[in-house]
Amino acid sequence: MNPLTNVKNIKKLGEQELQGSSKTSWHDQYKDSAWIFIGGLPYTLTEGDIIAIFSQYGEVVNINLVRDKDTGKQKGYGFLCYEDQRSTILAVDNFNGIKILGRVIRVDHVSNYKAPKESKHTDEETRKLRKEGCAPKKH
């Protein structure tokens, strides 16, 4: 499905929910996952940039910005995990369809996130990030 069609469909679900046409939120089916998908990202953004943007709705604990295995350049999409699942609802409702550096992004829930497999090209910092996440350490 076209990414812009997905953006419109997600917005339509939110509008229907506001009008009270459903008894439960469409977000409820994702209550067991704090992961979101982010697509349509400008290629110049880094993990730090994305964390800075998305942290306004909650504590980001992990991020996987998908990169080309050979060049290391990011592919324009990734996955982000919040400390609290309620933050995913805010991010999906408020970030889906906005423009960042001239590109319309798509933000949606992820029900069953699977971490990427390690490859011989995975650097040590990426391995550590995937294992430990990026949240501040609690003492």
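1. Let's start with the rule behind the count: rings of Phe, Tyr and Trp (its six-membered ring) pair if their centres lie within 6.5 Å. By that rule, this predicted model holds six aromatic pairs.

2. One of the pairs joins Phe37 and Tyr77, with 6.1 Å from centre to centre and 35° between the planes, and it is classed as tilted. Phe37 sits in strand 1 (residues 35-39) and Tyr77 in strand 3 (residues 74-82), so this contact ties together parts that are 40 residues apart in sequence.

3. Tyr77, at 29% relative accessibility, counts as partly exposed.

4. Where do Tyr57 and Phe95 lie? Tyr57 is in the loop between helix 2 (47-54) and strand 2 (60-67), while Phe95 belongs to helix 3 (residues 86-95), so the pair ties together parts that are 38 residues apart in sequence. Phe95 is buried, with a relative accessible area of 5%, whereas Tyr57 counts as partly exposed at 23% relative accessibility.

5. Finally, a point on grouping: Phe37 and Tyr77 also belong to one aromatic cluster, together with Trp35, Phe79 and Tyr113.

Terms used:
Residues numbered from 1 in each chain as written. Predicted model: local features only at pLDDT ≥ 70, side-chain atom pairs only at ≥ 80, totals over all residues. Heavy atoms only, no water. Phe/Tyr/Trp six-rings, centres within 6.5 Å; stacked < 30°, edge-to-face > 60°. Helix = DSSP H or I, 4+ residues; strand = E, 2+ residues; numbered from the N terminus. Buried < 20%, exposed > 50% of the residue type's maximum accessible area, 1.4 Å probe, protein only.
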